[in-house]
Amino acid sequence: MAQDIRRRDFLRAASAAIASLALGGCAETSESPADSPDAKRPNIIFIMADDMGYGDLGCYNKESKIPTPNMDRLAAEGMRFTDAHSPSAVCTPTRYGVLTGRYCWRTRLTKGVLGGYSPALIDTGRMTVASLLKQHGYATACIGKWHLGLGSDKKTDFDKPLVPGPNELGFDYFYGISASLDMPPYCYIENGRAVAKPTLTIEAGKANEDGWWRKGAIAPGFRHVEVLPKLTEKAVEYIGDHARKSPDMPFFMYFALPAPHCPIAPADFVKGRSKAGGYGDYVVEVDWTVGQVVRALERDGLAGDTLIIVTSDNGSPGRTKIKRDPYSIIEIYGHYPNGDLRGIKADIWDGGHREPFVARWPGKIPAGATTDELVCLTDLLASCAAIVEAELPDNAGEDSYNILPALLGQKLDEPIREAVVHHSSIGMFSIRQGKWKLILGRGSGGFSSPKIYEPKPGEPKGQLYNLQDDLAESRNLWSEHPEIVERLTSLLEKYKQQGHSRPL
Ligand SMILES: [Ca+2]
């Protein structure tokens, strides 16, 4: 029997490999799209803002100084998660986790982020959400900020083909930028080539004028302020082209916005629309982008067949356009970008990694629903696998859980996840299980001061919070609950040692 199954899997894999070779991809799962010709599979759009906070959206924060009608509408027509987390409090590791379903601290990047000239971080043999869905008959597109490295040289040469990149990781189409919008080189990339080579140099941007960026190489005609509208146009165009050319084929779009990360560079048409300065206006532009995508779906009759998720890669740093200091947005505008959470981007506290997460899928996800299910952005892979009824192999999505039951509003007897591991910019770990959150270190682990410090003799070595009673992480219960400290420390250690956290 077992042999029969293995033989059948082999035959399926072989036929999938042939189909995939014809499409120019690589075979990674054991089922070909032809296996389920009847299943109507949704388009999947994953929109991830850059540094947008939990408290920026009106549907998460009644006191927000920023109007976000388009994201609020998705929440009203779909589901809002209140306890969703990025796997890291900074950009690159979260992106790694989203696309591979694996915590990035298991790779060579155990702290910080990549630069604009870094080599590719994701191994081309590793399954990604894109390669999985492509294998199952999806068209796949990556639009926006990549920030996962390009090529294999120590320093990427933008005169050469930028390979490996998104196209070698399952994306049929890529249009975007190398890394954060404040990191050179400043140029657009389309399918492994710079659209225009970054042959010029630009001085560092000024925070109170066009927004701050690093000095470096730039392509002729590249303007930071035009990037979000340009990427939005590409996303809208992709949806239209796809609807026209391949109406019977579902698509997956990973749309990674460069905003509201610095340079805080809102377009003229959103200026003054928020009560939170340039930062708030840039979030308004993010909301406009979401609205453009939703309208494109409606225009092309695809809205009913599309699962759309909007989230962010880490918390807001709380900087304003006129002052780069963290928390200055609160000081100047009284706007709390991370709501009532403690900390900001990069920190191990929830302000660093608890994210807005709204999902709409008409007729599937109940409208106007809210869930407090504990989920992680690494869960996209296993959830997409569930949508296409594929089993993940053991060497993929090691930290990915299927959250589809929560999305579909099913009553659950137990939490989907045993726990979630959090990670800060300097590599401080935390583990969350139920109401308990254990942090292995003192300090923020990120941008807030103090980052890290050695406790005095007799003081707790780490932090333990009961988030149910103390969302603001203000009362350290480490010394009062040694048994919980021990249990969660062991669980984290187990996850590290065994190389996965989801059950295999
Ligand atoms: Ca970010």
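In what order do the four strands of the open sheet run, and is their pairing parallel or antiparallel? The order is β14-β15-β16-β17, and the pairing is antiparallel. Before going further: this is a predicted model.

The edges of that sheet are β14, residues 420–423, and β17, residues 463–466, each of which pairs on one side only. On average, neighbouring strands here are turned by 20 degrees against each other, with direction ignored. Helix α10, residues 482–498, lies across β14, β15, β16 and β17, and runs at about 110 degrees to β15. The loop between β16 and β17 holds Pro-450, and the peptide bond joining Ser-449 to Pro-450 is cis, with omega about -5 degrees.

Next, the calcium ion. Its protein donors are Asp-50 (OD), Asp-51 (OD), Cys-91 (SG), Asp-313 (OD), Asp-313 (OD) and Asn-314 (OD1), at 2.2 to 2.7 Å. Along the chain, the donors follow the spacing D-D-x39-C-x221-D-N. Asp-50 belongs to strand β1 (residues 43–50), and Asp-313 to the loop between β10 (306–312) and α7 (328–333), so this pair ties together parts that are 263 residues apart in sequence. Both Asp-50 and Asp-313 are buried. As for geometry, the arrangement is irregular because the six donor atoms subtend angles of 51 to 159 degrees around the calcium ion. For reference, the ideal angles for six octahedral donors are 90 or 180 degrees.

Now His-353, which sits in the loop between α7 and β11 (354–360). Is His-353 buried or exposed? His-353 has 0% relative accessibility, so it counts as buried. Its side chain makes a polar contact of 3.0 Å with the side chain of His-85, and the His-353 side chain also reaches the backbone oxygen of Ile-348 at 2.8 Å. Leaving aside residues up to four places away in sequence, His-353 touches a set of residues including Ala-84, Ser-86, Gly-315, His-422 and Lys-437.

The loop between α7 and β11 also contains Ala-346. Ala-346 is not a glycine, yet its phi is positive, about 85 degrees. With 0% relative accessibility, Ala-346 is counted as buried.

That leaves strand β4, residues 173–177. Why is β4 described as largely enclosed by the rest of the structure? Because five of its five residues are buried. Tyr-173, Tyr-175 and Ile-177 point one way from β4, while Phe-174 and Gly-176 point the other way. Strand β3, residues 139–145, pairs with β4 in the parallel sense over five bridges, and Ile-143 stands opposite Tyr-175. With β5, residues 189–190, the pairing of β4 is antiparallel and has two bridges; here Gly-176 has Ile-189 as its bridge partner.

Two backbone details belong to this region. Pro-185 lies in the loop between β4 and β5, and the peptide bond from Pro-184 to Pro-185 is cis, with omega near 0 degrees. Asn-191 is in the loop between β5 and β6 (193–194), and has a positive phi, near 45 degrees. At a relative accessible area of 35%, Asn-191 is partly exposed. As background, most residues other than glycine have a negative phi, and most peptide bonds are trans.

Terms used
Residues numbered from 1 in each chain as written. Predicted model: local features only at pLDDT ≥ 70, side-chain atom pairs only at ≥ 80, totals over all residues. Heavy atoms only, no water. Donors = N, O, S within 2.8 Å, 3.2 Å for Na, K, Ca; no water. Tetrahedral: all angles 85-135°; square planar, octahedral: opposite > 155°, others 65-115°. Buried < 20%, exposed > 50% of the residue type's maximum accessible area, 1.4 Å probe, protein only. Pairing = 2+ DSSP bridges. Axes fitted to C-alpha atoms, helices over the stretch in contact; angles between N-to-C directions. Contact = heavy atoms within 4.5 Å. Polar contact = N/O pair within 3.5 Å; in protein donor to acceptor, adjacent residues only side chain to side chain.
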